[in-house]
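Colleague: I am new to this one and would like a guided look. Could we take it one question at a time?

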Amino acid sequence: MDFLNSIPTHMDFDGQAKAEKYSRVIITLFGAVGLIWGYIIQQFSQTVYILAAGFLLASIITIPPWPIYRKRPLQWQKPRSTDSNETKKKKK
Amino acid sequence: MHSVLQRGNAILAYALSVLAFLTFLCFASTVFLDYRTKADMNTVKVVVKNVPDYSASREKNDLGFLTFDLQTDLSSLFNWNVKQLFLYLTAEYETANNQLNQVVLWDKIILRGENAVLDFKNMNTKYYFWDDGNGLKGNNNVTLTLSWNIIPNAGLLPNIFAHGSHSFKFPIEYTTSRM
């Protein structure tokens, strides 16, 4: 279990948006190409196989948290002391 | 999209949506095609007997026997949305009891990729040509028609009637000898 938990799965927000965009583009592209090819050779099974290849490629590219999806981690603010917080509230 | 499972789920759901859409396009690309074509048929030998129908009432009913020729080229019907054709040869006739009688005499399945240029000579029927009475003897207008049922990948299951039919007469005497 420790080993499973040690596998990194985290993407930052920017990476999540990218991953979703890439997966959509890849699957749509393979679907369109598969449709055209399947129509040319009149075999709908080829369309399905090409779409399945696109699904596999999209899975490999966008499911694991590759480094390109972790370039912009959130910049958290430095923790502040509670005293200064209270003084701010009073000012308002 | 924050975890592996969520990303996998999103990709799978999107891929399946795309697959459904592609299947619909495949259906839409073939739904308006005209699947009718010409078929030539002819009867060779036609006799009628009067024998007990043990599968039904045991009463003596008319049983027709015929052999037929059939020529047609169905290879133009196949496309990416046709998996197989189910051909069936129907005899239609009118009797005193019924305005319309339809009996399927023969059928054949043609898978895509099989030879679809048919040229049969002197074929026997596959199924008995029973009448439900004595309507076959001397019946002078029995019409053979060929139809097919298209089995698609996606879409409708239309029954198509071929262009062309053949009308024939049954003899006015029963045949009693064994055939």
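**A walk through the two chains**

Colleague: How far apart are the end C-alpha atoms of residues 47–69 of chain A?
Modeller: Over those residues the chain is 70% helix and 0% strand; helices are DSSP runs of H or I of at least four residues and strands are runs of E of at least two, numbered from the N terminus. The unreviewed UniProt entry lists 47–69, along with 21–41, as "transmembrane region" in chain A. UniProt positions follow the numbering used here, feature names are shortened, and annotations may be inferred rather than shown by experiment. From end to end, the C-alpha atoms of 47–69 are separated by 30 Å.

Colleague: Before we go on, what kind of model is this?
Modeller: Residues are numbered from 1 along each chain as its sequence is written, while chains are lettered from A and ligands numbered from 1 in the order in which they are written. Local features need pLDDT of at least 70, side-chain atom pairs count only at pLDDT 80 or more, and totals for chains, interfaces and linings use all residues, in what is a predicted model.

Colleague: What pattern does chain A follow along its sequence?
Modeller: Chain A has 4 helices and 0 strands. Its residues 21–41, for example, are 100% helix. Read along the sequence, that gives α-α-α-α.

Colleague: What share of the residues of chain A count as buried?
Modeller: A residue is buried if 20 or more other C-beta atoms lie within 10 Å of its own, exposed if 12 or fewer, and partly exposed in between, with C-beta atoms placed from the backbone. Chain A has 92 residues, and the buried share is 23%.

Colleague: And Gln42(A): is it exposed, partly exposed or buried?
Modeller: Gln42(A) sits in the loop between α2 and α3 of chain A. Its phi is near 55 degrees, a positive value in a residue other than glycine. Because Gln42(A) has 13 C-beta neighbours inside 10 Å, it counts as partly exposed.

Colleague: Now to chain B: which helices of chain A do the buried residues of α1(B) pack against?
Modeller: Helix α1 of chain B has 27 residues (4–30) and reaches 39 Å, close to the 39 Å expected at 1.5 Å a residue; the expected span is 1.5 Å times one less than the number of residues. Its buried residues are Arg7(B), Ile11(B), Ala15(B), Val18(B), Leu22(B), Cys26(B) and Thr30(B). Their packing partners in chain A are α2 (13–41) and α3 (44–62).

Colleague: How many residues on the chain B side that touches chain A are nonpolar?
Modeller: Residues are in contact if their C-beta atoms, placed from the backbone, lie within 7 Å. By that rule, 20 residues of chain B are in contact with 23 residues of chain A. Of the chain B side, 7 are polar and 1 is charged, and the nonpolar residues number 12.

Colleague: How far apart are the centres of the two domains of chain B?
Modeller: An automatic or database domain assignment sets the bounds, giving domain 1 (1–30) and domain 2 (33–168). Contacts join 4 residues of domain 1 of chain B to 7 residues of domain 2 of chain B. Taken over C-alpha atoms, the centres are separated by 43 Å.

Colleague: Is Leu70(B) buried or exposed?
Modeller: Leu70(B) lies in strand β2 of chain B. Beyond four places away in sequence, it touches Ala39(B), Met41(B), Leu118(B), Phe120(B), Met123(B) and Leu146(B). Since 21 other C-beta atoms lie within 10 Å, Leu70(B) is buried.

Colleague: And Asn122(B), buried or exposed?
Modeller: Asn122(B) lies in strand β5 (residues 117–124) of chain B. It has a positive phi of about 55 degrees although it is not a glycine. With 10 other C-beta atoms within 10 Å, Asn122(B) is exposed.

Methods
Two residues are in contact if their C-beta atoms, placed from the backbone, lie within 7 Å. Ala, Val, Leu, Ile, Met, Phe, Trp, Tyr, Cys and Pro count as nonpolar, Asp, Glu, Lys and Arg as charged, and the others, Gly among them, as polar.
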